[in-house]
Every structure is written in structure tokens, then in C-alpha cells.
Amino acid sequence: MLFRILLIILLCPVLAVSQNNTLSGKISEIKDDYIYLHTFYGAENKRLDSIQVQPDGSFTYQFQNNAYKGMYRLRWGKNQMMDIIYNDENIRFQTTNNSIVDSLVYFHSPENQLYFDYLQKRNVCEFKLELIYPLINMYPKDDPFYASITKQYDIVNDEMSEWASSIVKQHPNKFAARLIRSDYTPMPSSSLNEEQHVNFLKIHFFDNIDFNDTSLLNSNLFSNKTIQYLSLYQNNRLDKDHLQVEYIKAVSIIMEKAKNSPEVYAYVMDYLINGFSSYGFEKVLTFIADNIDLEDQCIDEEKKALLEKKVDSHKKFSIGKQIPDIETIDLKGNSVKLSSIESEYTILLFWATWCPSCKGLVNDLKKIYLPDNHHKLEIVAIAIDESKDELEKFINDGDYNWINVCDFKKWKGDLVQQLDIYATPTMFLLDKSLAIQAKPITYNELTNELFKRNVLE
């Protein structure tokens, strides 16, 4: 009995260690002392840990017992990165810093080898089809060569489809196989013309995607497929308003496909709202706000509250609505009240010195902030910063003499919270009654709105 107890005690540490799988890699010619392991939640990456790199480029990392199964990203240098899949197995690979993909070799990890093989085969297939397809559309159908190119197109297409299907069937328990299943898009046959080709993709694009597989949120699958589907509705010949009409068609289909999986639905809706907000597509955002269904969705309460806040924010501060009559103190100690500004129009700008695109925007705004035009236009710039010294230096160096405001609380600032600001730069063009006339994203969009209103000549 004593022997059995001692044996169990001796084996317990061994069993505990064996549950921790190891990531071992070697990146030749790497010059960094550390690489950084990031997690995935859709398109979002968060740093999980840092891993020390040995002089020869090798490193080792031990996954925790509770590490999620899915995709992780290794980052190093300025823009170097590679993605790996973890699914309760040891991973061992080697590559070269300046040729990550071409020199990548997996010595151990069936998951990663499977997904790597798929990506290579998919890329070759897509490259071939992209070369052949224009020929099919342009080449005379009565020429014997036409039959050859259409046949070759269908051969490449069918081979890829059959290969992807066989991988999924052979490895039903692998995360990589589920990722491949949802990533592979059925391609139309060569017999369809260009319009039919696009319509086929619009109808069948989501055939293989399992929206109920929430583990795929631990990858960039849903964000990538959302962007790819929206691209089917992209048309460079359309103006912004008509393009938004097309995107609304796409969004309505995405919403319908994702609605039965609460967590995926919430993520995709948030991703769409953030994306269309960054491009100032107000009509699309209004459609989402009017049609999103969060009432019956059993999702994480914190995520649900944040998403509801974004939706409510759009409804409250859409074009035509009035914003609150802000009262605050500027950096010079003067009292500021929006309704007291005498200009016909006011640009209300939320920006930050740490935001690269903001710096270019505020510099451009100097071009239209003219001393003899203040009766028509005023600018109130609310900085989302923490350091008073850095902000004042930036403002003084740039000679930005409009109304500058900051409470140095960053995203917890009173005005940021009051107007539900969650991105920089954010602009509102207000009239004298504080009604929102436009929510331009770029300087060019802003100047177009100002020319329409004869603020600029």
C-alpha cells in the first residue's frame, strides 16, 4: 500500500508536466531577443506572452493547461509574423526571418502541417483560376482552344474541392480541418458568365461556414470571410450612396446567416459596425442599428452592453440628430459652451496626439481655419490624451489656435463618455442649432460638405 502511494506521488508531477504542450521554433537570421505570442478573437490580437529567443534563433514556450484551442500569432521585429494552430499537441518548426513562408518546415504538428498544406494548395489553385478565368471570358467560344481552357479551369476547381472535402472527412476532430471547411469557398463552373459567376458566389459563399462553431472565433476566419463577402458587392463605378445600398444587401445576408449563433452574431455585428464606422457609411450603420437583434441573444453581458452602446450611440448621434449642449473649459481656462459659439457651423473633433491619422487631419484643418472665416466656421478639438505637457507642446508647435479641450482622462473623459466616442479621429459637422449635418471621416469628405454649404469658396 505504501509503495502504491509513493508511486502515485512520484508520477503526479510527471503527469502534470505531460499535459503542458510545447511550442519549439527556430527562426534563422532573426535579430530580436524576444518574440511575442498573441491570441486571436476574430480580427483582434492581444499579446499573451513574450518568449526569449536564443542567439541561434531558437525558442521554447510551454502552453498552459487551460490554453484555448485555435489560432495564435507570433510577432517579432517591425512587421514580421506567422500564425500557428494549437490543439493540444506539441509544435516544432523552423523557418528563416527573411523568407518565413517559403522556408517554413514543421517537424512536428499534424494540425499546422495540414493547414499549411491547405493554404499552399489553395493559393496555387486561386492563382491558376485567376489566370484562366479572364481567358474564358474573352476567348472566342468557337475556337478549339476554348474547350481546353474551360476544361482546365474545371479540373483545377474540382481537384481543390475534392481535396478540401477529403481533408475534412479524414480529420473531423482537428481544428485545422474545421478551419479549412469554413474557409474553402465553392467556386462556380466555367460555364457561367461573369455576372452569373458573381451571383453564384453571392448565393453559395457561406455554404461551408459553420456559424455555430464558436471555436472559430479563436481565429480570423469570420472577419476574413466577412470582408471577402462584402467585396463581392464592391463596385468602383458606384458613388458612396449607391455603394452603401449594395453593402446593405450583403449585410442583411450576413446578419441572417449568423443570427442563430449568439456569440458569433455579436462578434460579426461589432466587426461590421466598427468597419463601416471607420468609412463613414452612415446608411449601412443605420440599417444595422435598425435591424440588429440583441434582445434574445444569450451572449456575454459585457460584450452585449458594449455592442448595445455602439448601436444606441449611432441612433442618438446620427445625421439630423442634435448633440448635447456641451459645456467645458478649454486649455486656456476659458469657458466653452457649444450653443454660445457664434459661427454658422462648428467642427467638433475628437482626436489624440498618439493617433497617426489624427496628426495629418489636424494639420489639414489649418488650411480651412482662416481668420476672416470664423463667422462661418469654428473648430472645437477635444483631445483624448493623458499628458498635458505633450499635448500643449504638440498644439504650440503646430500652431493649432482653435478651441482646444482635454480633461486628460483618455477614453474615460466626460465628453468622450457623453458622446459615446470609441474611435479617433471622429468628426461632427454641426449647425447653429447643434444638429449633426455630417460625420465626415476624411479631410476631403469634410471640405466637400463645407463647399456644399458655401462655408468654403
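Modeller: Contact here means heavy atoms within 4.5 Å, and angles are taken between N-to-C directions, on a scale from 0 to 180 degrees. Please keep in mind that this is a predicted model.

The sheet is open and has 5 strands, which follow one another in the order S13-S12-S11-S14-S15 with mixed pairing. Strand S13 (403-405) and strand S15 (436-438) are its edges, and because each of them has a single partner strand, one side of each is left without a neighbour in the sheet. From one strand to the next, the twist averages 30 degrees. Strands of a sheet pair through backbone hydrogen bonds, in either a parallel or an antiparallel sense. For strand S11 (residues 345-351) and strand S14 (residues 426-431) the sense is antiparallel, and the pairing extends over 6 bridges. Phenylalanine 350 is found opposite threonine 426 of S14. Across S11, S14 and strand S12 (377-383) lies helix H11 (residues 356-365), which runs at about 155 degrees to S11.

A search of the whole structure finds 2 cavities of 30 Å³ or more.

For comparison, the largest cavity has a volume of about 40 Å³. Phe206, Ile209, Phe211, Phe222, Lys225, Thr226, Ile254 and Val268 line the largest cavity, with 6 residues classed as nonpolar, 1 as polar and 1 as charged. Helix H6 gives the most to this lining, with 3 residues.

H6 (221-231) also supplies at least two residues of the lining of the largest pocket, as do helix H2 (110-138), helix H3 (144-170) and helix H5 (194-204). That pocket has a volume of about 690 Å³, and of the 23 residues lining it, Glu126, Glu130, Met187, His197 and Leu201 are the closest to its centre. The largest share of the pocket lining, 7 residues, comes from H2, and the classes in this lining are 12 nonpolar, 5 polar and 6 charged residues.

Key
Residues numbered from 1 in each chain as written. Predicted model: local features only at pLDDT ≥ 70, side-chain atom pairs only at ≥ 80, totals over all residues. Heavy atoms only, no water. 1 Å grid on protein atoms, 1.4 Å probe; cavity = no way out; pocket = protein on both sides within 12 Å on 5 of 7 lines; lining within 4 Å. Points joined across faces, edges and corners; volume = space filled by probe spheres on them. Helix = DSSP H or I, 4+ residues; strand = E, 2+ residues; numbered from the N terminus. Nonpolar A, V, L, I, M, F, W, Y, C, P; charged D, E, K, R; others polar. Pairing = 2+ DSSP bridges.
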